[in-house]
Amino acid sequence: MKFYRMEEKMRKNKKETGQKENRLKDFGAFLREEEGMGTVEIILIIVVLIGLVIIFKNQLRALVETVFEKITKDSNTVMS
């Protein structure tokens, strides 16, 4: 009787182990799946860039104006 119960427990454990291995394989396949990741990454980068532009709008405008003034001044000296 004890042998039968041990054998039954072993079969049950083997079945559960097989199910766990299948779940791990499925989870591993899910982690390796990269479908659609490119779009999400690009959208997140655009959102971050827009946020930075909104936050530093005045500083960026001043920087661009300074750069263009310098370019204009230097191009006038080259043209003369």
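**View 1. The salt bridge between D74 and K70.** In this predicted model, D74 and K70 are joined by a salt bridge. The closest N and O atoms of the pair are 3.9 Å apart, which falls inside the limit because a salt bridge requires a side-chain nitrogen of Lys or Arg within 4 Å of a carboxyl oxygen of Asp or Glu. The structure holds one salt bridge.

**View 2. Helix 3, which carries D74 and K70.** Helix 3 spans residues 57-79, and both D74 and K70 belong to this helix. The two residues are separated by four positions, about one turn of the helix.

**View 3. Exposure of the two partners.** D74 has a relative accessible area of 36% and is therefore partly exposed. K70 has a relative accessible area of 52%; K70 counts as exposed because the term applies to values over 50%.

View 4. Three helices and zero strands make up the secondary structure of the chain. Their order along the sequence gives the pattern α-α-α.

**View 5. Surface of the chain.** The chain has 80 residues, of which 1% count as buried. Its accessible surface comes to about 8,200 Å². Carbon and sulfur atoms account for 66% of that surface.

Notes. Residues numbered from 1 in each chain as written. Predicted model: local features only at pLDDT ≥ 70, side-chain atom pairs only at ≥ 80, totals over all residues. Heavy atoms only, no water. Buried < 20%, exposed > 50% of the residue type's maximum accessible area, 1.4 Å probe, protein only. Areas by Shrake-Rupley, 256 points an atom, 1.4 Å probe, with all protein chains shown as cover.
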